Amino acid sequence: MSYVDEILASVKTKNAGEPEFIQAVTEVLESIRPVVDAHEEEYRAAALLERMVEPDRIITFRVPWQDDEGKWHMQRGYRVQFNNAIGPYKGGLRFHPSVYPGILKFLGFEQVFKNSLTTLPIGGAKGGSDFDPHGKSDAEVMRFCQSFMTELYKYIGENIDVPAGDIGVGGREVGYLYGQYKRITNSYESILTGKGMSFGGSLIRPEATGYGLIYCTNEILKMNGQSLEGKTCVVSGAGNVATYAIEKLQQLGAKPVTCCDSTGWIYDPDGIDVDTLIEVKQVMRARLTEYKKRRPNAEYHEGKGVWTVKCDYAFPCATQNELDVEDAKALIANGCKGVFEGANMPTTLEATKYIQEQGLLFTPGKASNAGGVAVSALEMSQNAERLSWTREEVDKMLLRIMTDIAHTISDAAEKYGQKGNYVVGANIAGFEKVADAMLSQGVY
Ligand code: NDP
């Protein structure tokens, strides 16, 4: 049995109840086969793959919090510190009822390779809780965040682990978490990114993942003789990533016509109105039915459906496994020529394979959504310098990083005889640097 197959079999046995983690590991290991085969003896001797698929540690803690009626609730909190071979652990916190170790292990594992692709010195981690911020008051969210940080603060630090936001964790939550860290430690350290502009946040951080996705896409399209100009795009999600992807698509001359949240979706034939979307989702924290009320020309539908809309390009920006093979078939039947992931692993393995076989362009999230963590690392640099860079400076760096990522993944794919296969390119390029650092640092 090959080294890759041995490790895959062992991961499947040891993590049997964690399908998302198995899916993420399978995708990466399958695509790095040529590199592993070329270095099998060296990698086996250092137990490299065994160590790479096992988190450095998983921290689990209880998070009691009180609602506005005085009733106590108990949530689970986690931090999965996956790999710090190339820098301090870095990765978001997710507050969503579906959070369990398997989801955080998949996200932490992906984060290791994504962070490597940014070329910045950051390792990979992920954390969060099964807490659901939907329908909670600001005071409830604050009490939850304070309780969560009261435990988490023991395990993070500016040279140890620097969390950020993810699903359910935006500027409000980062603010409450940061306040509590400071209160406990009496120290103004850069232990979180995505902070508010008045207390050490970086300009462009809120927009970075969505903008970065479109910068990367634009470069990939250029390499393939295509462009965004005048193209119709479908986007899923209505949160941080989706909103700023939509905004940047419009700035580059495309027309994004859909978005969705966890209950329904919008088709707006005039193009999604970003101000209305921000008002509804970020200010009112309401459902997309409110978008429809403000934009009478738009259609609102319950359930899932953005992938059935005719488009040139598709951008899944909501959550994992939101685009399956049936969705891929619908997209292709409607003329879609490319799928560019904004979320983490939004496309199932089967759908990814199908999309690639049908000759569409496809970029994996670990490359195309790396702009968020890249600007988070730039936020850490600004905090270390005690300086704030201008919007233009940060945006320029983001553009350069995402353009470089597009070329890096393209070159790596070509080097291993798989021109245009950006999944292979991203996994190989991300893997090589982490592998090199781990081999240099000895077995532990
Ligand atoms: P947000 O919480 O800001 O937004 C997520 C959006 O997706 C919300 O509109 C949410 O609906 C919707 N959504 C969640 N689950 C589902 C579902 N099952 N079906 C349909 N819609 C759903 O999160 P982000 O925008 O930050 O994150 C989106 C994705 O991007 C995640 O995969 C995340 O890991 C990834 N990512 C985020 C980065 C960042 O910087 N924020 C960086 C890199 C990746 P509702 O409004 O109802 O909650």
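**Figure 1. Salt bridge between Lys-329 and Glu-326 in a predicted model**. The two side chains meet with N and O 4.0 Å apart. A salt bridge here is a side-chain nitrogen of Lys or Arg within 4 Å of a carboxyl oxygen of Asp or Glu. Lys-329 and Glu-326 are 3 residues apart in helix α13, so about one helical turn separates them. Helices (H or I, at least four residues) and strands (E, at least two) are DSSP runs, numbered from the N terminus. Lys-329 is partly exposed at 37% relative accessible area. Glu-326 is exposed at 51%. Buried means under 20% relative accessible area, exposed over 50%, and partly exposed in between (1.4 Å probe, protein chains only).

The model is predicted: local features need pLDDT of at least 70, side-chain atom pairs count only at pLDDT 80 or more, and totals for chains, interfaces and linings use all residues. Residues are numbered from 1 along each chain as its sequence is written, and side-chain values use heavy atoms, with hydrogens and water left out.

**Figure 2. Salt bridge between Glu-18 and Lys-105**. The closest N and O atoms are 2.6 Å apart. Glu-18 sits in the loop between α1 (3-14) and α2 (19-31), and Lys-105 in helix α6 (residues 101-117). The pair links distant parts of the chain, 87 residues apart. Glu-18 is buried, at 14% relative accessible area. Lys-105 is also buried, at 7%.

**Figure 3. Salt bridge between Asp-312 and Lys-337**. The N to O distance is 3.0 Å. Asp-312 lies in the loop between β10 (299-302) and β11 (313-315), and Lys-337 in the loop between α13 (325-333) and β12 (338-340), so the pair ties together parts that are 25 residues apart in sequence. Asp-312 is buried at 17% relative accessibility. Lys-337 is partly exposed at 34%.

**Figure 4. Salt-bridge network of Asp-5, Glu-30 and Arg-33**. Salt bridges link these three residues. The count of salt bridges comes to 28.

**Figure 5. Lining of the second largest pocket**. A pocket is an open set of points on a 1 Å grid over the protein atoms alone, with protein on both sides within 12 Å along at least five of seven lines; lining residues have an atom within 4 Å of a point. The lining holds 26 residues. Ser-190, Met-380, Gln-382, Asn-383 and Ala-384 lie nearest the centre. Helix α16 (residues 371-385) gives the most, with 7 residues.

Definitions and conventions: 1 Å grid on protein atoms, 1.4 Å probe; cavity = no way out; pocket = protein on both sides within 12 Å on 5 of 7 lines; lining within 4 Å.
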